[in-house]
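Subject: Handover of a structure and its findings

Dear colleague,

Please find the structure below, followed by an account of what was found in it. I would be grateful if you kept it open while you read.

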Amino acid sequence: MSSRYKIAVFASGSGSNFQNIVNAVVDGNIQGEVSLLVSNKPNSRVVERARQANIDSFVFNPKDYKDRSEYELEIVAELERREIDLIVLAGYMLLVTPVLVERYAGKMINIHPSLLPSFPGLNAIGQAFDYGVKLTGVTVHFVDGGMDTGAIIAQEAVAIEAEDTLVSLESKIRSIETTLYPKVVSWFADGRVTLDGRKVTIK
């Protein structure tokens, strides 16, 4: 049995954060391996990225199942078969149910394009831009079943300048995500993250 730290990435779209994490593994910045991609979009770019990287995929169509718990039980079986240590949500456009959340409590993380708890949910960048805040940013947090309510692991701020447009702000946010998410995943692989209630400590 391999002792190598095993990561599963859940994604539905282009897979830019998936690729960033794969690249960090290849470059030796994450001491682990991406063992599985889980996607609900068979024709998405991220599935092609996984194929090119020779990473196994579990791809499903939610419409083929009677409810979310039915397909999540299949996902859990795939995760357990591969002895997954960490689930990384990276643009996964489905809500997760207690089937996954309870089984992987403290072992499932998500990235959100705002400084939580401000602007949770959809269109967070647009929410912050329209509200007129001077600072927004990126948050990596644990998944606890609520809408972006899990304990916060890491945050990085982004200033909204007078000349910024929504497009330029989105570019700033994506640039932060490129480096922050792989860094946080590396902390988990190195055993540096501890969770006590809502308090997260990085050793």
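Asn-17 is buried, with a relative accessible area of 9%; by the convention used here, buried means under 20% relative accessible area, exposed means over 50%, and partly exposed lies in between (1.4 Å probe, protein chains only). This is a predicted model, in which local features need pLDDT of at least 70 and side-chain atom pairs count only at pLDDT 80 or more, while totals for chains, interfaces and linings use all residues. Residues are numbered from 1 along each chain as its sequence is written, and side-chain values use heavy atoms, with hydrogens and water left out.

The annotated residues

Asn-17 is part of helix α1. Helices (H or I, at least four residues) and strands (E, at least two) are DSSP runs, numbered from the N terminus. Leaving aside residues up to four places away in sequence, Asn-17 touches Ala-90, Ile-111, Glu-177 and Tyr-181, where contact means heavy atoms within 4.5 Å. Ser-16 also has its place in helix α1, and this residue is partly exposed, with a relative accessible area of 40%.

Which residues does the UniProt annotation "binding site" cover? According to that unreviewed entry, they are Gly-15, Ser-16 and Asn-17. UniProt positions are given in the numbering used here, feature names are shortened, and annotations may be inferred rather than shown by experiment. Of these residues, Gly-15, Ser-16 and Asn-17 are included in the lining of the largest pocket.

The largest pocket

The largest pocket holds about 940 Å³ of space. On a 1 Å grid over the protein atoms alone, a pocket is an open set of points with protein on both sides within 12 Å along at least five of seven lines, whereas a cavity is a set of points where a 1.4 Å probe fits but cannot get out; lining residues have an atom within 4 Å of a point. Grid points are joined across faces, edges and corners, and a volume is the space filled by probe spheres set on the points.

The largest pocket is lined by 37 residues, and those closest to its centre are Gly-91, Tyr-92, Met-93, Asn-110 and Ile-111. At least two lining residues come from each of α1 (16-26), β5 (108-112), α5 (124-131), β6 (135-142) and α6 (166-189). By type, the lining residues divide into 15 nonpolar, 17 polar and five charged. Here Ala, Val, Leu, Ile, Met, Phe, Trp, Tyr, Cys and Pro count as nonpolar, Asp, Glu, Lys and Arg as charged, and the others, Gly among them, as polar.

Salt bridges

Side chains of opposite charge can pair when their charged atoms come close. The structure holds nine salt bridges, each being a side-chain nitrogen of Lys or Arg within 4 Å of a carboxyl oxygen of Asp or Glu.

One of them joins Arg-4 and Glu-33, with the closest N and O atoms 3.5 Å apart. This pair links distant parts of the chain, 29 residues apart: Arg-4 is in the segment before β1 (5-10), and Glu-33 is in strand β2 (residues 32-39). Arg-4 is partly exposed at 37% relative accessible area, and Glu-33 is partly exposed at 28%.

Another pairs Arg-103 with Glu-80, the closest N and O atoms being 2.7 Å apart. Arg-103 belongs to helix α4 (residues 98-103) and Glu-80 to helix α3 (residues 68-81), so the pair links distant parts of the chain, 23 residues apart.

Within helix α6, Arg-174 and Glu-177 are three residues apart, which means that about one helical turn separates them. Their side chains meet in a salt bridge (3.1 Å, N to O). Is Glu-177 buried or exposed? Glu-177 counts as buried, at 5% relative accessibility, whereas Arg-174 is partly exposed at 41%. Elsewhere, salt bridges that share partners join Asp-56, Glu-78, Arg-81 and Arg-82 into one network.

Backbone features

A cis peptide bond, with omega about 15°, joins Leu-116 and Pro-117. Pro-117 is in the loop between β5 and α5. Asn-123 has its place in the loop between β5 and α5 and shows a positive phi of about 55° although it is not a glycine. Asn-123 is exposed, with a relative accessible area of 53%.

Asn-54, a residue other than glycine, has a positive phi near 60°. Asn-54 lies in the loop between α2 (45-52) and β3 (57-59) and is exposed at 71% relative accessible area.

Yours sincerely
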